[in-house]
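Please open the model in your viewer and keep the selection tool handy. We will walk through it stop by stop.

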Amino acid sequence: MKLFANCVVLGLLLVSGAAFAQDTQTQSTTQSSKQDMKDAGSDTKDAAKKTGSATKKGSKKVAHKSAKKTKEGADKVEDKTQPQ
């Protein structure tokens, strides 16, 4: 009888321990999912900033290059149209 009672108590402890462990795992998974969403949002923000900076740099470079080439073309035309 004493052995049966010990087995029942041991069984209850094992079942309650498994339930507690499952509850803890669910909370940590939820917290982890929340953190994953925050990290994804931050990564998206950083990527947008980098893309915007690269676009700005590229646009500026193109604008300066086209202005330089326009000036070169205007200088060529001026040289050809001057009376000698």
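The tour starts with the whole chain and then moves to charged side chains.

This is a predicted model, in which local features need pLDDT of at least 70, side-chain atom pairs count only at pLDDT 80 or more, and totals for chains, interfaces and linings use all residues. Residues are numbered from 1 along each chain as its sequence is written, and side-chain values use heavy atoms, with hydrogens and water left out.

**Whole chain.** Show the chain as a cartoon: you will find 1 helix and 0 strands (DSSP runs, H or I of at least four residues for helices and E of at least two for strands, numbered from the N terminus). Helix H1 covers residues 2-81. Of the 84 residues, 0% are buried (buried is under 20% relative accessible area, exposed over 50%, partly exposed in between, with a 1.4 Å probe and protein chains only).

**Negative patch.** Select Asp-36, Asp-39, Asp-43 and Asp-46, which form a negative surface patch. Patch members have over 30% relative accessible area and no salt bridge, and like charges are joined within 9 Å; Asp and Glu count as negative, Lys and Arg as positive, while His and the chain ends are not counted. Each charge is placed at CG of Asp, CD of Glu, NZ of Lys or CZ of Arg. Asp-39 lies in helix H1 and is partly exposed at 37%.

**Positive patch.** Next, pick Lys-57, Lys-61, Lys-65 and Lys-68, a surface patch of positive charge. Lys-65 also sits in helix H1, and its 51% relative accessibility makes Lys-65 exposed.

**Salt bridge.** Which residue pairs with Lys-69 in a salt bridge? Select Glu-72: the closest N and O atoms are 3.6 Å apart (the criterion is a side-chain nitrogen of Lys or Arg within 4 Å of a carboxyl oxygen of Asp or Glu). Lys-69 and Glu-72 are 3 residues apart in helix H1, so about one helical turn separates them. Lys-69 is partly exposed at 47%, and Glu-72 is partly exposed at 35%. The whole structure holds 1 salt bridge.

Notes: Patches are made of residues with over 30% relative accessible area and no salt bridge: like charges are joined within 9 Å, nonpolar side chains (Val, Leu, Ile, Met, Phe, Trp, Tyr) within 5 Å. Accessible areas come from the Shrake-Rupley method with a 1.4 Å probe; for residues, only the protein chains shown count as cover.
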